Amino acid sequence: MAASVLGFGTTAPAADIKEVQMLHWWTSGGEAAALNVLKQDLGKEGYVWKDVPVAGGGGAGAMTTLKAMVAAGNPPTASQILGYFALDYAEAGKLGDITALATKEGWAKVIPTALQKFTTTNGKWDTVPVNIHSVNWIWLNKAVMEKIGGTEPKTFDDFVALLDKAKAAGVVPLALGGQPWQEATMFDSVIASTGGIEFYKKAIIDLDETALKSDTMKKSFDNLAKLRSYTDPNYAGRDWNLATAMVIRGDALVQVMGDWAKGEFRAANKEAGKDFICYRFPGTDGAVIYNTDMFAFFNVPADRKAAQTALADAAMSKSFQSAFNVIKGSVPARMDVPDTDFDMCGKKGIADVKSANASGKFVGSLAQNYAQPPAVAAAYDDVVTKFFHGEIKTSDVAVTELIKAINNAK
Ligand code: GAL
């Protein structure tokens with residue numbers, strides 16, 4: 001009809017496709033529950049949800065799938081993405097433009113400046129941050145903690161003493177998923193605990209070679225090795241959420257993990273302060289080693305752009321950022337969302353982000369692609385995991401290998 005009205009040689013613009021195709025790695029119970037909030041919000045606006053899940057914590061598998069889709073000229077409406085991966089796609093000219101919405105909604109005023117480095121390219125918005133996770137947390141089973149008479153560990157040495165107590169009581173002290181990304185994520189915290197956050201910045205953010213080969217870095221590796229002795233024998237290859245389940249069941253005392261772990265406690269109907277306890281990784285209180293889940297919007301055909309705007313709008317609404325993050329375990333990326341609906345860990349998370357941001361202690365996680373480009377992060381994962389699994393035997397060799405691997409990747 002429209003075409004004939006417009007006359008020969010002219011075609012009417014195609015109608016917007018009311019479908020959101022979303023690539024992500026949120027396949028655990030807590031993650032899926034959180035994502036459901038978004039599916040429902042968009043469903044109410046008439047959008048059909050086309051899920052593209054790629055299992056694998058940390059997102060390495062998802063990033064491989066995304067790369068193939070983009071290379072084939074068939075990018076999803078949006079993809080979950082972490083820091084430097086988004087910068088790479090932006091630099092390659094693969095991302096779209098949602099600046100009009102960002103300006104209208106005033107996002108620049110409510111998103112921490114540190115994150116805007118990843119959400120914008122030359123002033124143009126191409127991704128939205130849906131949360132702020134942080135990796136420097138530990139999650140403890142409260143009943144086990146009481147049984148062994150444990151108290152909050154304030155330093156790395158306190159932490160080791162607490163793990164010893166659990167061991168002596170016959171409980172698995174540390175629930176660990178022995179996959180490279182999990183070990184590297186834990187190492188981010190170990191470095192910040194061993195050397196302090198200023199050291200983390202020098203070594204990990206600035207890649208200062210003196211810091212990287214220092215005794216403090218060696219001590220960080222030695223501390224990581226200490227943690228290895230508190231795992232159960234079956235840790236190798238275990239998924240992160242199965243490690244969380246060990247703590248939920250009381251089969252293990254503690255897991256060192258980003259606050260997506262809290263999503264699993266919640267999905268199992270466990271309550272913060274009653275069933276489980278969250279502390280900052282000992283020796284890192286006051287600092288937030290963050291990773292933010294973003295949705296990247298790729299260049300898509302004109303009839304799919306409205307879906308991107310709808311998704312961005314929904315994901316950035318204050319109500320979504322509260323509802324989603326309450327379930328996900330993270331905290332809102334927007335600084336103007338009240339903490340009313342959050343549990344005690346979420347409230348602490350929100351307060352910590354604000355204070356760390358104000359005091360210069362809000363730093364990106366290397367393991368989670370917020371400190372360095374993907375190749376450097378992959379080099380780090382590789383050396384950390386080789387050390388953890390005994391292929392690299394000493395911390396002396398580990399620092400040498402780390403510097404070599406980083407320099408090759410740069
Ligand atoms: C992180 C991501 C989190 C969580 C975790 C485990 O990379 O930022 O949202 O999903 O992986 O899958």
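**View 1. Strand β9 next to strand β10.** Two strands running parallel, β9 and β10 (residues 252-256), are joined by 2 bridges; strands here are DSSP E runs of at least two residues, helices are H or I runs of at least four, and both are numbered from the N terminus. Leu 174 has Val 254 in β10 as its bridge partner. Zooming out, the open sheet has 4 strands in the order β9-β10-β8-β11, with mixed pairing. β9 (172-174) and β11 (276-280) are the edge strands, each pairing on one side only (pairing takes at least two DSSP bridges between two strands).

This is a predicted model, where local features need pLDDT of at least 70 and side-chain atom pairs count only at pLDDT 80 or more, while totals for chains, interfaces and linings use all residues. Residues are numbered from 1 along each chain as its sequence is written, and side-chain values use heavy atoms, leaving out hydrogens and water.

**View 2. Helix α9 against helix α10.** The axes of α9 (residues 180-195) and α10 (residues 197-205) come within 6 Å and cross at roughly 125° (axes are lines fitted to C-alpha atoms, for helices over the stretch in contact; angles run from 0 to 180 degrees between N-to-C directions). Asp 188, Ile 191, Ala 192 and Gly 195 of α9 touch Ile 197, Phe 199, Tyr 200 and Ile 204 of α10 (contact means heavy atoms within 4.5 Å).

**View 3. Helix α12 against helix α19.** Here the axes of α12 (residues 215-228) and α19 (residues 395-409) come within 9 Å, crossing at roughly 115°. From α12, Met 217, Lys 218, Phe 221 and Asp 222 meet Ser 395, Asp 396, Ala 398, Val 399 and Leu 402 in α19.
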